[in-house]
Amino acid sequence: MRRTHGLFLGAGFLLLYGLCLAMVKPYSMAVSYPFQLAAAYAAVAACAWRAMKARSPVQLGWWLVSLSLLLWAAGLSVSAWEDLGQHATVDFAKLSDLIYFLFGVPLLVALSLPASGREEKLFAWLDGLQAAITACAIYVAMFSSLPFVHGSNKPISASLLAQAYNGENLLLASAATLRLLAEQTSGERRRLYGLLTGFLWCYAICAGWYNQTTIALQEQVGLYDLLVALPVTVLAVGALCVPLATSDGDYTVEKRTLSELIDGIVPVLYTFALLTLGVFVIRTHFYWGATALVVALAVFVIRSTVLHSRLLRSELALREAHDRLEEIALTDALTCVANRRSFDRKLQEEWSRSRRSHAPLSLLLIDIDFFKPLNDRLGHQAGDQCLVRVAAALQSTMLRNGDLLARYGGEEFAAILADTHRDGAEEVAARMQAAVRELKVAHATAIGEFVSVSIGISTCEEAEAEAFEWLVETADRALYLAKARGRNRVEHIPYQRVETR
């Protein structure tokens with residue numbers, strides 16, 4: 001239905017209703033109820049249609065709104081029977097008032113549901129339990145008697161009932177507004193909360209005005225009956241005319257934080273309402289009031305525990321994701337050994353530790369001999385496979401957890417050996433050359449038939465302040481010396497202060 005058509009239809013319905021009330025004054029009550037019932041059941045049907053068309057996560061909310069309006073329409077039907085058939089007065093609460101009051105229970109359940117999460121069904125059951133206790137507590141509060149128990153009822157006065165209505169309506173409208181402000185997407189859930197917010201504030205204003213007017217005038221019908229049909233007509237038109245969302249839209253971090261905060265606040269409103277009812281009822285029916293208080297507190301504790309557990313799981317998942325991302329950021333994508341960034345961080349850490357403990361620190365720079373000709377002759381894919389195999393062979397020689405092998409750049413690797421003297425470093429270098437030879441990667445050059453590596457070593461017996469770059473420079477010079485002396489060999493130069501090239 002187009003929006004303009006819906007607006008004209010709703011406005012025309014209300015205008016016809018007002019004209020009938022003005023023209024048929026002696027029979028206004030008989031004329032008024034059919035219009036009110038038509039508007040109420042139209043709203044029920046519109047919300048049910050919306051529930052069937054909406055996506056799964058939002059369907060429950062729309063069905064609860066439809067159930068709420070069905071209760072309100074049922075209360076209106078009972079009210080028509082009481083007024084037209086029983087000629088009831090407006091002095092005290094009646095059965096229809098109980099049903100009217102209960103219409104807010106499904107709405108509170110809908111507003112208490114979290115935006116998403118695996119515990120949503122658990123929360124629905126908890127809120128359903130609260131709803132059942134709330135219904136009985138409302139009955140006891142209104143009639144001073146337990147439901148389905150024969151006895152003399154003492155209904156509360158109309159003025160006190162009007163105050164209770166106003167409190168309920170303001171609570172519902174405030175909860176819907178909080179949900180709307182906190183909603184993080186522009187999808188169907190936001191449209192649900194938007195329509196609910198508009199309806200509930202309209203209903204709160206109209207119902208407060210209507211109740212005040214009927215109590216002051218001591219009559220049950222008049223042009224102000226339009227206030228009864230106006231909110232449900234607005235909701236029916238909105239449910240039918242506002243387009244269904246095709247996606248959930250985007251959200252921001254700020255909105256997500258606010259939504260999580262509201263997820264914790266709004267359910268407290270339901271518990272607060274039940275606690276208030278329990279305190280009110282406990283004066284006349286102690287055990288029933290105490291039951292309401294215990295259930296409300298138990299549900300609040302369970303909900304808080306589940307939400308806290310969800311928060312802890314989220315934090316753990318974020319921490320694990322952060323660790324995985326950090327590991328990816330510090331790992332070379334091709335060879336799966338540490339990358340240059342990880343090497344720089346590790347070298348600085350080990351240098352600082354060496355300064356504190358006065359322990360030796362050795363650095364090995366390893367270069368694949370004549371790698372460029374291999375890469376040019378066999379192609380980049382063969383070159384990448386050679387790098388991967390050589391990296392795995394070098395890594396297999398690193399026997400201590402504290403040592404680090406990193407891809408330093410191109411075909412060059414680096415190994416950091418903490419607490420290692422020259423002899424230990426040369427032993428590791430010999431193992432590396434043997435491991436690479438055992439690969440037997442074909443690469444005929446002037447120095448042999450298989451891929452080999454040249455290694456430069458530098459050892460610092462006692463680290464100095466902020467001078468670890470000289471260790472890298474010394475190892476680099478040792479590697480250059482190994483290449484100059486024929487490759488496929490190991491050379492060592494003690495750590496010394498040098499000017500970087």
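This is a predicted model.

**Stop 1: the largest core.** Select Trp62, Val65, Leu69, Trp72, Leu196, Phe199 and Leu200. In the largest nonpolar core, which has 71 residues, these seven touch the most other members. Now centre on Phe199. Leaving aside residues up to four places away in sequence, Phe199 touches Leu69, Phe103, Pro231, Val232 and Leu235.

**Stop 2: the second core.** Move to Leu364, Leu374, Leu394 and Val441. They are among the 29 residues of a second, separate core.

**Stop 3: strand 1.** Show the side chains. Leu361, Leu363, Leu365 and Asp367 point one way. Ser362, Leu364, Ile366 and Ile368 point the other way.

Strand 3 (residues 412-418) runs antiparallel to strand 1 and is joined to it by seven bridges. Look for Leu365 opposite Ala414. Strand 6 (residues 453-460) also pairs with strand 1 in the antiparallel sense, over eight bridges. Here Leu364 stands opposite Ile457.

**Stop 4: salt bridges.** The whole structure has 14 salt bridges. Pick Arg407 and Asp332 to see one of them, with the closest N and O atoms 3.4 Å apart. Arg407 sits in strand 2 (residues 404-409), while Asp332 is in the loop between helix 11 (286-329) and helix 12 (340-357), so this pair ties together parts 75 residues apart in sequence. Both residues are buried.

Then select Arg400 and Asp403. Their side chains meet in a salt bridge, 2.9 Å from N to O. Arg400 is partly exposed at 38% relative accessible area, whereas Asp403, at 13%, counts as buried.

Go on to helix 15 (residues 422-439), where Glu426 and Arg422 are four residues apart, about one helical turn. They form a salt bridge, the closest N and O atoms being 2.9 Å apart. Glu426 is partly exposed at 29%, and so is Arg422 at 40%.

**Stop 5: the surface.** Finish with Leu15, Leu19 and Met23. These form a nonpolar surface patch with about 350 Å² of accessible area together. Leu19 belongs to helix 1 (residues 3-23) and is partly exposed, at 43% relative accessibility.

Note on methods
Residues numbered from 1 in each chain as written. Predicted model: local features only at pLDDT ≥ 70, side-chain atom pairs only at ≥ 80, totals over all residues. Heavy atoms only, no water. Patch = residues over 30% accessible without salt bridge, like charges linked within 9 Å, V, L, I, M, F, W, Y side chains within 5 Å. Areas by Shrake-Rupley, 256 points an atom, 1.4 Å probe, with all protein chains shown as cover. Salt bridge = Lys/Arg side-chain N within 4 Å of Asp/Glu carboxyl O. Helix = DSSP H or I, 4+ residues; strand = E, 2+ residues; numbered from the N terminus. Buried < 20%, exposed > 50% of the residue type's maximum accessible area, 1.4 Å probe, protein only. Core = buried A, V, L, I, M, F, W, Y, C linked by side-chain atoms within 4.5 Å. Contact = heavy atoms within 4.5 Å. Pairing = 2+ DSSP bridges.
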